Amino acid sequence: MPINSRSKHLPSLRSRLLLAATVWLLAITLSAGYLVPSFIKSYLIDQEKQQLYLYLDELTALADVDATGKLYLPSKLSNPRFQSPYSGLYWALTVNDTQIRSRSLWDAKITGNDDDGYIGPDEQSLLVVKRKFLLPEIDEPVELAIAANQDKLMATLKKLTHGLWLILLTMAVGILVLTWLQVSWSLWPLKKLQQNLKNVREGNSTELTGFYPLEVRPVIDDLNALLFHYQELLERARNHAGNLSHALKTPIAVLNNEVTLLDEEAKQKLSPPLQQLQQHIDYHLGRARMAGAANILAAKTAPSTRVDAISMAMDKVYAHRNVVLVNELDSELNVAVEKRDLDEIIGNLIENSYKWSNSLIRVHQTDSDAHQVTIIIEDDGPGIDASEYESVLKRGVRLDETTPGTGLGLNIVSELAHSYRGSLTLNSSSLGGLKAELLLPLPRK
């Protein structure tokens, strides 16, 4: 899978940091939103029960038995709410099937149990504390109960919970905003590095410049050293290729001339080795040219313009064949290939089409994806068998020994395309001849 297609599915560093902060804040907020109200509820209920136990102690001290053996209270409890009907504060004494209760209960009773809860007058939800004790005059234990309406307590707790959630959500949003600002500020050097790399890629600069944090600076220095070394190697390769070409051209020309003066037997012995020597030189010089230009990162060439220029030259060389080339490439199309390399790639393919086509060559394009384009060069010639598509891309393979050539052209085209992370594929054309599909990268936006 190409790097560009993989990168579309990878989260950014910013999104990773923000996602981690969001998950952490969500966990903290949910925990606080549920645990804090639970702690407050437990605290408030404990406080309420402590007060109810005080009333229970008071009720225990007041409970007595009259001369007839009946349970009664000789005096009232201290809190006047026990005398006000449905006041929310109640007591009850139960022995056997007899019960006496506070005036505040009026005609109602305390019903329910510890599991399902207790209900009082007007369907009030009650908080109840109980105790059992013995009186000397009564054989059965006396059960005392003090109850308080907890509806107001629950309503207060609900308001407190809503307020707490509002505070927690406000804090979470605020912390996320601050985290986003912190992440953006922390990643700003990387954004600056991206812009500097873009300038290098577009040819506006040859090195990364500017001030960077201490942690990033060693990377910048290493990248600058790598860029400098890369440019030096490319320039040196170009120079060596040119020097070698000029140095060998004259001796080989002299040898070829001398061979023509020899007898036929000597020619047959010396011509093949000279041709092999020429093939090796052409092949390795072609590979040296694949090293690219010093500004390869900023390479951008319009293939439509290069096809027009190459076709004008081929029209002169192959004027006797009356071949027409139709260029359907978009004039606005650019590919991320250095100009000389693109001439080498397309020139070889177009020259092959001029050699073999009957009358028509068509050059057009199909968009592969957002990062690559396929340039198609097809003709109406005889074509080749499908079984030969892969073999003709190998070095030195020629299907027709009667046609001038070295058998290196398609191999060089394939390797040049591969050096730009592209490819060359051969197929049959709807015109009847060979179709070359050239996959090349588009300039990065």
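A residue counts as buried when its relative accessible area is under 20% and as exposed when that area is over 50%. The structure described here is a predicted model, and in this model strand β13 is mostly covered, with 7 of its 8 residues buried.

**Chain overview**

The protein chain holds 8 helices and 13 strands. It has 445 residues, of which 36% count as buried. Among contacts between residues at least 6 apart in sequence, 61% join residues at least 24 apart. The chain exposes about 27000 Å², and 56% of this area is supplied by carbon and sulfur atoms.

**The sheet of 5 strands**

Strand β13 belongs to an open sheet of 5 strands with mixed pairing, in the order β9-β10-β11-β13-β12. The edges of this sheet are β9 (324-327) and β12 (423-428); each has a single partner strand, so one side of each is left without a neighbour in the sheet. From one strand to the next the twist averages 20°.

Which strands does β13 pair with? On one side, β13 (residues 434-441) pairs with β12 in the antiparallel sense over 6 bridges. β12 and β13 form a hairpin with 5 residues between the strands, where G432 takes a positive phi near 115°.

Helix α6 (residues 303-317) lies across β9, β10 (360-367) and β11 (372-379). The helix runs at about 170° to β9.

**The sheet of 6 strands**

Another open sheet has 6 strands in the order β4-β3-β8-β7-β6-β5, with antiparallel pairing. Its edge strands are β4 (98-101) and β5 (111-113), each of which pairs on one side only. Neighbouring strands are turned by 30° against each other on average, direction ignored.

The bridge partner of V95 in β4 is T98. Helix α2 packs on this sheet, touching β3, β7 (125-133) and β8 (142-149). The direction of α2 makes about 40° with that of β7.

| Strand pair | Bridges | Sense |
|---|---|---|
| β12 and β13 | 6 bridges | antiparallel |

W24, I28, I167, M171 and I175 form a nonpolar patch with about 500 Å² of accessible area together. Helix α3 gives the most, with 3 residues.

Note on methods:
Residues are numbered from 1 along each chain as its sequence is written. This is a predicted model: local features need pLDDT of at least 70, side-chain atom pairs count only at pLDDT 80 or more; totals for chains, interfaces and linings use all residues. Side-chain values use heavy atoms; hydrogens and water are left out. Two strands pair if DSSP finds at least two bridges between them. Helices (H or I, at least four residues) and strands (E, at least two) are DSSP runs, numbered from the N terminus. Axes are lines fitted to C-alpha atoms, for helices over the stretch in contact, and angles run from 0 to 180 degrees between N-to-C directions. Contact means heavy atoms within 4.5 Å. Buried means under 20% relative accessible area, exposed over 50%, partly exposed in between (1.4 Å probe, protein chains only). Patches are made of residues with over 30% relative accessible area and no salt bridge: like charges are joined within 9 Å, nonpolar side chains (Val, Leu, Ile, Met, Phe, Trp, Tyr) within 5 Å. Accessible areas come from the Shrake-Rupley method with a 1.4 Å probe; for residues, only the protein chains shown count as cover. A salt bridge is a side-chain nitrogen of Lys or Arg within 4 Å of a carboxyl oxygen of Asp or Glu.
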